Amino acid sequence: MTQILSPDPATASPVVAPPAAPPAAYGARRTLAILTVILTGQFMAVLDSSIVNVAIPSIRDSLHTSGAALQLIVAGYVIAYAVLLVTGARLGDRFTQRRMFIAGLALFTAASLACGLAWNETALIVFRFAQGVGAAAMVPQIMTLIQRNFTGHARAKALSVYSAIISGGMVAGQVLGGLIVSADLWGSGWRGVFLVNVPIGVVLLVLAPRILPTATQRFDRNLDLSGLTMLTAAVLALVLPLVLGPELDWPVWSWISLGACVIGFAVFVGIERSVAARGGEPLFSHRVLAAPGLLLAAATLFVIMATFGGWMFVMAIHLQSTLGYSALHAGLLFIPMGVTFALASLNWERIPNRLHTSMIPLGLVLAAASMVAIGALLRNGADVGELVLVLLAICGMGNGLAFSPLMTRTLAKVPMNLAADASGILVTNVQLGIVVGIASFGTLFLGLAGSTTLSAAHALGGTAIAEGVTVLLAAGLSARAAR
């Protein structure tokens, strides 16, 4: 019978159970199987943050969507994903990570099928939100399962691969999206970028119940519904005017909404403090935020992913809409970035330890410089040449040298009893960063693009400068976070 543990009244936070079985009890094959299942789920969730980028022109032509609707199709998934992640982590502790992973995977797979069958832009936006809900239920369980079922070098390696997948999956999404749209199997066109999740999800749904460790304990954790409601409202008040404002020529309501988001975040902080004062469990617990370096690392990851997500979105539009490249051509151009990102993410530990502190900000400086240089080379409507491909590779390497080690080193400092909530907070910041990046940099680019090829190319150059400055801000934050 499942045992329910109540929160410790002295600290108003749950007592976290040990793993269902100690890591030593797993053989090498079982450990690899667990990691393969959960990280494939993670890869699917991250993939869907970017795979749609390359399909945007095809979706626009097929469904006759507006620019604002296109951004909602991309960002809607990440909005739901981001604001529900911490609640998903809390539900994992309450109902066990195994059950929530499987439930989230089932919803994600079903919503992917619905997206592939969507008949208009409204239906696609709604189903994308549903996909995000499924991802929010599934993803927080992954880091917690790693934290609680792996130790020592195995845990560090698993976290490294996990970090690589979070950003590497975004690059892979651009490539895979291009391949799928161009292949147009059975006339599926853009629908294939969603339908590809269905067979993978079904296989994982068959394997997960047999492979994932069965927890013997769960925790009667409270849900901060008031905090969740206010956070959702504040995020929507921020993102919707950024997405819809330019299309509607910045109506009065968009400015009111931006002002309201500031008030909303302030009220959210007040609610969290009130919940903690009453002995409840706030969405963002002070005990979790006080973990060594967590808050600063979360802010840095937010800025990194805002620029990374925005850059991928803008480049996908520029390559296809401005330069006229096919989805396949555009997707393949991201391969150098994906390869170098993966290599840097998985091999940064080979660099001497004494250099790790400076490696993270240096990687971001490289990324910033490469973005600005790419913008300068393409600002007159030039085609992508060998030098741009080299710069894309440098950009991927720079981000890989920063993101993966920062995430891994931060998580290594988090106490085991804070694993679930810490995972939710960090991944929430990553996803919110993607939302804000797509909305802000996408809005900047589309606002400057004009109606000619040259004006759109100039818009890319201006956006690249804004991206580079923001990445330098992340480099400054990371210099402190890496200490």
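Trainee: What should the 15 residues of helix 8 span at 1.5 Å a residue, and how far apart are its end C-alpha atoms?
Mentor: Keep in mind that this is a predicted model. Helix 8, residues 197-211, should span 21 Å, and its end C-alpha atoms are 20 Å apart, so the two agree.

Trainee: Which residues in helix 8 are buried?
Mentor: Asn-197, Val-198, Gly-201, Leu-204, Ala-208 and Ile-211 are buried there. In general, residues three or four places apart in an α-helix point the same way, because a turn takes 3.6 residues.

Trainee: OK, zooming out. How many helices and strands are in the protein chain?
Mentor: The chain has 18 helices and two strands. It runs to 483 residues, and 57% of them count as buried.

Trainee: And what share of the contacts with a separation of 6 or more is between residues 24 or more positions apart?
Mentor: That share is 84%.

Trainee: What about the surface, how much of the accessible area belongs to carbon and sulfur atoms?
Mentor: Carbon and sulfur atoms hold 69% of an accessible surface of about 17,900 Å².

Trainee: How does the lining divide into nonpolar, polar and charged?
Mentor: The lining of the largest pocket has 14 nonpolar residues, three polar and two charged.

Trainee: Back to helix 10, then. How far does it reach from its first C-alpha to its last?
Mentor: Helix 10 reaches 38 Å with 26 residues, close to the 38 Å expected at 1.5 Å a residue. Its buried residues include Ser-254, Cys-261, Gly-264, Phe-268 and Glu-272.

Trainee: What follows helix 10?
Mentor: Gly-279 follows helix 10, and its phi is positive, near 85 degrees.

Trainee: Is Thr-96 buried or exposed? And His-64, buried or exposed?
Mentor: Thr-96 has a relative accessible area of 7%, so Thr-96 is buried. His-64 has 67%, so His-64 is exposed.

Trainee: I also marked Ile-79. Where is its place, and what is it in contact with?
Mentor: Ile-79 is in helix 2 (residues 67-83). Its relative accessible area is 2%, so Ile-79 is buried. Leaving aside neighbours within four places in sequence, Ile-79 is in contact with Phe-129, Val-235, Leu-236, Val-239 and Val-435.

Trainee: How far apart are Ile-79 and Leu-236?
Mentor: Ile-79 and Leu-236 are 157 residues apart in sequence and 7.8 Å apart in space, C-alpha to C-alpha.

Definitions and conventions
Residues are numbered from 1 along each chain as its sequence is written. This is a predicted model: local features need pLDDT of at least 70, side-chain atom pairs count only at pLDDT 80 or more; totals for chains, interfaces and linings use all residues. Side-chain values use heavy atoms; hydrogens and water are left out. Ala, Val, Leu, Ile, Met, Phe, Trp, Tyr, Cys and Pro count as nonpolar, Asp, Glu, Lys and Arg as charged, and the others, Gly among them, as polar. Helices (H or I, at least four residues) and strands (E, at least two) are DSSP runs, numbered from the N terminus. The expected span of a helix is 1.5 Å times one less than its number of residues. Buried means under 20% relative accessible area, exposed over 50%, partly exposed in between (1.4 Å probe, protein chains only). Contact means heavy atoms within 4.5 Å. Accessible areas come from the Shrake-Rupley method with a 1.4 Å probe; for residues, only the protein chains shown count as cover.
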